[in-house]
Amino acid sequence: MTNAPSIAPGRGSLPSQLQNAWSSLLRVWDSTAIYMPLLMMGVLALGTYWLVRNTPVFNAPEAATEARHEVDYFMRKFTVKNYDEGGRLKTEIYGVEGRHFPDTDILEIDQVRIRSTNPEGHVTVATANRAYVNSDGSEVQLTGNARVVREPSRNAAGKETPRLEFRGDFLHAFLNEERVTSHKPVVLIRGNDQFTGDSFAYDNLDQVANLKGRVRGVLMPKSAGAANGALPSAPPAR
């Protein structure tokens, strides 16, 4: 009996296996392709989230806080001196207690005494229960027993200026401009003459005092002033 040639098992089915595998791969791909847009959106979302978490954040500049009307420093029994460009003393301010407010840059002083010297060397002294002084000491508001005194002087031409004094509950002094004003009643004393008014404005450079309201004046005779050794009185203030 003749034996037929044997065939190795499985060899004849190899092409069909490859075809089945390829078909399965195509089916998987088709199934996956349906969800591809969703997968892409998910990847983009994850990428965006990662960027947000890892991107450095630059803080926006903080809005400037409004300065409050509060004291930032205070002084007790102090003296403040201001000098001009040539190193000469312009003003010297003494107070029992001083409080500085940064929002207005004003120094509030109790029991104040201010001594000011102009370029010609004329001295003016101001005192009050309380004063409000600006940053450079050129402007002062005096309240409570306010008093400004300018000592007698003589100019380069030899002309004498008698002692000048202002008194009131409120005086506003502009030291650099040599002006004094007030919207309240004042007493003006020039030499031996005395005037009162409900308000006034005085300009030392123009040698003019304007008093308003109920104005009264007492003029001493020159002879009486000379007998007392006082400087001659000036014409009445207008």
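Buried denotes a relative accessible area under 20%, exposed one over 50%, and partly exposed the range in between. The legends below describe close-up views of a predicted model.

**Figure 1. Arginine 99 and glutamate 97 form a salt bridge in the predicted model.** The closest N and O atoms of arginine 99 and glutamate 97 are 3.1 Å apart. Arginine 99 has a relative accessibility of 13% and therefore counts as buried. Glutamate 97, at a relative accessible area of 22%, is partly exposed. Both residues belong to a network of salt bridges that also links Arg76, Glu108, Asp110 and Arg130. In the whole structure, a search finds 14 salt bridges.

**Figure 2. Glutamate 108 makes a polar contact with arginine 99 through their side chains.** The distance of this polar contact is 2.7 Å. Glutamate 108 is found in strand β3, which spans residues 106-117. With a relative accessible area of 13%, glutamate 108 is buried. When neighbours within four places in sequence are left aside, the contacts of glutamate 108 are Glu97, Gly98, Arg99, Phe101, Arg130, Ala131 and Tyr132.

**Figure 3. A salt bridge joins the side chains of arginine 150 and glutamate 178.** The N to O distance is 2.8 Å. This pair links distant parts of the chain, 28 residues apart: arginine 150 lies in strand β5 (residues 139-150), and glutamate 178 lies in the loop between β8 (164-174) and β9 (179-182). Arginine 150 and glutamate 178 are both buried.

**Figure 4. Lysine 184 and aspartate 169 are paired in a salt bridge.** Their closest N and O atoms are 3.6 Å apart. The pair links distant parts of the chain, with aspartate 169 in strand β8 and lysine 184 in the loop between β9 and β10 (186-190), 15 residues apart. Lysine 184 is partly exposed, its relative accessible area being 32%. Aspartate 169 is likewise partly exposed, at 45%.

**Figure 5. The largest nonpolar core of the model comprises 27 residues.** Within this core, Val112, Ile114, Leu142, Phe166, Leu171 and Phe200 touch the most other members. At least two core residues are supplied by each of β3 (106-117), β4 (123-133), β5, β8, β10, β12 (199-203) and β13 (208-212). For isoleucine 114, the contacts beyond four places in sequence are Glu92, Ile93, Thr124, Val125, Ala126, Val133, Val140 and Leu175.

**Figure 6. Phe166, Phe200 and Tyr202 form one aromatic cluster.** The count of aromatic pairs comes to 2. In one of them, phenylalanine 166 and phenylalanine 200 form a tilted pair, with 5.2 Å from centre to centre and 35° between the planes. This pair links distant parts of the chain, phenylalanine 166 in strand β8 and phenylalanine 200 in strand β12, 34 residues apart. Phenylalanine 166 and phenylalanine 200 are both buried. The ring centres of phenylalanine 166 and tyrosine 202 are 5.1 Å apart and their planes stand at 50°, so this pair is tilted. Phenylalanine 166 in strand β8 and tyrosine 202 in strand β12 are 36 residues apart, and their pair links distant parts of the chain. The relative accessibility of phenylalanine 166 is 3%, and the relative accessible area of tyrosine 202, also buried, is 8%.

**Figure 7. Arginine 179 lies over the face of phenylalanine 174.** Arginine 179 is at 4.2 Å from the centre of the phenylalanine 174 ring. The place of arginine 179 is in strand β9. At 25% relative accessibility, arginine 179 counts as partly exposed. The side chain of arginine 179 also makes a polar contact, at 2.8 Å, with the side chain of glutamate 177. Not counting residues up to four places away in sequence, arginine 179 touches His172, Ala173, Phe174, Tyr202 and Asp203. One of these, tyrosine 202, is 23 residues from arginine 179 in sequence, while the C-alpha atoms of the two residues are 5.6 Å apart in space.

How values were computed. Residues are numbered from 1 along each chain as its sequence is written. This is a predicted model: local features need pLDDT of at least 70, side-chain atom pairs count only at pLDDT 80 or more; totals for chains, interfaces and linings use all residues. Side-chain values use heavy atoms; hydrogens and water are left out. A salt bridge is a side-chain nitrogen of Lys or Arg within 4 Å of a carboxyl oxygen of Asp or Glu. Buried means under 20% relative accessible area, exposed over 50%, partly exposed in between (1.4 Å probe, protein chains only). Helices (H or I, at least four residues) and strands (E, at least two) are DSSP runs, numbered from the N terminus. A nonpolar core is a set of buried Ala, Val, Leu, Ile, Met, Phe, Trp, Tyr and Cys residues joined through side-chain atoms within 4.5 Å. Contact means heavy atoms within 4.5 Å. Rings of Phe, Tyr and Trp (its six-membered ring) pair if their centres lie within 6.5 Å; planes under 30 degrees apart count as stacked, over 60 as edge-to-face and the rest as tilted. A charge sits over a ring if NZ of Lys or CZ of Arg is within 6 Å of the ring centre and within 35 degrees of the ring normal. A polar contact is a pair of N or O atoms within 3.5 Å; within protein, one must be able to donate a hydrogen and the other to accept it, and residues adjacent in sequence count only if both atoms are side-chain atoms.
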